[in-house]
Amino acid sequence: MGPTPSGDPGEGPASAAWELLLPAASAPARTRGRSLQAALREAVRSGRLAPGTRLPSSRDLAADLGVSRGLVTEAYEQLTAEGYLRSGRGSGTWVGAAVRAAEPRAHDLAPRSPGARADFVPGTPDLALFPRAAWAAAHRGVLADLPHRELGYPDPRGLPRLRTALAELLARRRGVVADPERIVVVSGVAQATTLLGFALHGRGMRAVGVEDPGSPQHDALYASAGVAVVPLPVDDEGVAPEPLRASGVRAVVTTPAHQFPTGIAYSARRRTELLDWARSVDGIVLEDDYDGDFRYDRAPVGALQGLDPDHVAYTGSVSKSLVPGLRLGWLLVPESWSAEVVERKRTMDLGHPSLDQALFARFLERGDYDRQLRRCQRAYRDRRDALVAALDAHFPGAQVSGIAAGLHVIATLPRRYGPEERFLARVAAAGVAVRPLSAYAHTPAAPEGSEGVRLVLGYAHVPPARIAAGVRLMAEAATG
Ligand SMILES: Cc1ncc(COP(=O)(O)O)c(C=O)c1O
């Protein structure tokens, strides 16, 4: 590619960053401008475009990407206004120093703050609750029983035995219309996302709507399939219908049971609107049911897929219910999408490891998985209660939402704890690892947000005794 940052001979991370913009450049005309801005923003946030990197002239970049110069100019102006880029008369445009490069959008979902005195980073269950004894028993049983033929290359969709057990589980617990013939065993929601990304690309869809705020995983996963993400605002009922319609996308990724990270459950009205939209554009809703098994004070919200299996692709994994390290999940796609997704899975890895599949099938069949869910449910409800009580005691006036489900809550602290930057610096200095809601936003809020400090607090991985102590430490640091 022609334009490269100054001092960069054309190779290396910065030139790769321009390539990252290519999927956005081939988004439908109506969404191309927003896609380009989102991709550029993400490149800066993720650090692929380092602070100080000089951007090509709008003319050069437009020529390289095959888009109009006006779109590039608009993207530069917008991102300059948002503080991601800087520009000076006659001196071009470069990546600003004060952007989030040092605090990338929360790619590090999993708590990994080994030195932290308290760690509330969301994304991981309690790894110590992994049922080692039951897993070991299932492993022994499978090795004793598994016919030799099942050690050959598996059906790319997965072992029939596991797909049957999963169909029973998903129908019973989540209200999914689960035909074992259409389940694909995958290595987590991440792989399901990539497979769907390729399927979208194969159908000429170069853009997919994602929730804003939302999971930080999607951008890179879809980009790897050549599909750009279009951030769509989430209101208190779910993805807002007007921006969705206006975006021109025909596919949207959602977390309807427990929106990540805001914690809301999509309203019945919004679910209907979403499905009406999918039918009207001959599109598809991708339902990420990442923590659908954890409900505390209310009846489970059934999967959206159960309402219209022809327009919803459903995915989930054991990353929250067992451990993420197993890399095991499932994907159910509408019948008309099945062949291409299965073929893609086949060419990607020739199918999921058979032994792991047989083991998990046995674990499901013997009721071990249900037992595990009940055990985690009890443990996590206690931890959630401990967290809510501690926030109440140490942050008077804080509002806590999204508490009815999942493994994290949203805490909105009174304005006196702000501004956010100062709060985060203080608690980090005290050794408390937390993520602000803003770390999951594609579109930065106004600098002086009226909401005060909003935190996404994961609690499932924190031993109960450390929850109150951690919140106290955070409160002392914040007011100190
Ligand atoms: C919204 C969301 N979806 C899915 C996942 C899990 O992905 P995987 O199943 O690939 O581990 C996560 C992980 O934290 C998540 O936050």
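Leu350 is partly exposed, with a relative accessible area of 41%; partly exposed lies between buried (under 20% relative accessible area) and exposed (over 50%), using a 1.4 Å probe and protein chains only. Leu350 sits in the loop between helix 12 (335–349) and helix 13 (354–365), where helices (H or I, at least four residues) and strands (E, at least two) are DSSP runs numbered from the N terminus. The phi of Leu350 is positive, about 60°, although Leu350 is not a glycine.

The model is predicted: local features need pLDDT of at least 70, side-chain atom pairs count only at pLDDT 80 or more, and totals for chains, interfaces and linings use all residues. Residues are numbered from 1 along each chain as its sequence is written, and side-chain values use heavy atoms, with hydrogens and water left out.

Arg327 also has a positive phi, near 50°. Arg327 belongs to the loop between strand 10 (312–317) and strand 11 (329–332), and is partly exposed at 33% relative accessible area. Most residues other than glycine have a negative phi, and most peptide bonds are trans.

Two peptide bonds are cis, as listed here.

| Peptide bond | Omega | Place of the proline |

Helix 15 covers residues 420–429, and its buried residues are Phe423, Leu424 and Val427. Seen down the helix axis, these residues fall within an arc of 95°, so they line one face of helix 15; the arc is that of the directions from the helix axis to the C-beta atoms. Glu421 and Ala429, on the other side of helix 15, are exposed. The cover over the buried residues includes strand 14 (432–433), strand 15 (435–436), strand 16 (454–458) and helix 16 (464–479), with contact meaning heavy atoms within 4.5 Å. Just after helix 15, Gly431 has a positive phi of about 85°.

Which residues come nearest to the ligand? Of the 14 residues around the ligand (a heavy atom within 4 Å), they are Val189, Asp288, Ser317, Ser319 and Lys320. Polar contacts are pairs of N or O atoms within 3.5 Å. A polar side-chain atom of Ser319 is 2.6 Å from a ligand oxygen atom, and a side-chain N or O atom of Arg327 is 2.8 Å from a ligand oxygen atom. The protein covers 93% of the 390 Å² of accessible area that the ligand has on its own, by the Shrake-Rupley method with a 1.4 Å probe.

Conventions:
Polar contact = N/O pair within 3.5 Å; in protein donor to acceptor, adjacent residues only side chain to side chain.
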